[in-house]
Amino acid sequence: MDYVVFDLETTGLSPERDAVVEIGAVRIRAGQVIAEETFHSLVNPQRPIPFYVSRVHGLFDRDVKNAPTIAQVLPQFLEFVGSRPVVAHNANFDVGFIRSAAQRQGVQWNPVQICTVSLSRQAFPGVKGHKLDDLASRLNLTFTSRHRSMGDVMVTAEAFLQLGKTLELRL
């Protein structure tokens with residue numbers, strides 16, 4: 001089965017009040033990350049990025065001022081995903097932002113979603129920490145860039161595959 005692992009960076013935590021500033025995604029096919037099949041875009045949120053949020057992901061207003069808007073990027077992202085299940089770390093957060101943006105454009109988006117936080121809890125039931133940093137450390141995965149969509153996507157994709165093997169899932 002094919003999957004799309006994706007990650008967002010945003011202006012805050014609320015899909016209704018905040019906006020996407022970066023989308024990254026990679027496809028998984030036959031249990032392998034297909035590094036050549038990626039999607040990445042900065043997104044102009046059409047509002048200021050709060051400084052405290054910029055300090056987390058490192059994206060500032062100047063970085064996204066000439067980027068396309070979500071109305072321009074979303075159709076391309078949805079085409080990249082197609083009908084594939086989506087995988088994300090804390091999937092409700094990322095899926096919620098895309099679903100909210102799609103609804104604003106009159107598009108329904110209800111993909112099958114898989115959450116690596118949930119898989120981590122199943123694989124490591126006695127462990128408290130299931131944040132992406134904790135999971136990466138537990139699985140000996142290294143970030144190329146933390147709190148940027150493509151860096152987080154690649155770690156999430158590898159974690160998904162390792163968790164799938166641990167849990168004996170058919171990927």
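**Reading the surroundings of Ser-149**

Reply: Ser-149 touches Asp-7, Glu-9, Glu-22, Ile-23, Gly-24 and His-40, leaving aside residues up to four places away in sequence. Contact here means heavy atoms within 4.5 Å. The model is predicted: local features need pLDDT of at least 70, side-chain atom pairs count only at pLDDT 80 or more, and totals for chains, interfaces and linings use all residues. Residues are numbered from 1 along each chain as its sequence is written, and side-chain values use heavy atoms, with hydrogens and water left out.

Me: Is Ser-149 buried or exposed?

Reply: Buried means under 20% relative accessible area, exposed over 50%, and partly exposed in between (1.4 Å probe, protein chains only). Ser-149 has 0% relative accessibility, so it counts as buried.

Me: Which helix holds Ser-149?

Reply: Helices (H or I, at least four residues) and strands (E, at least two) are DSSP runs, numbered from the N terminus. Ser-149 is in helix H7, residues 149–166.

Me: Which strands pair with E2?

Reply: Two strands pair if DSSP finds at least two bridges between them. E1 (residues 2–10) and E2 are antiparallel over nine bridges, and E2 and E3 (residues 32–42) are antiparallel over eight bridges. Glu-9 has Glu-22 in E2 as its bridge partner, while Gly-24 has His-40 in E3.

Me: How enclosed is strand E2?

Reply: Nine of the 10 residues of E2 (residues 20–29) are buried, so the strand is largely enclosed by the rest of the structure.
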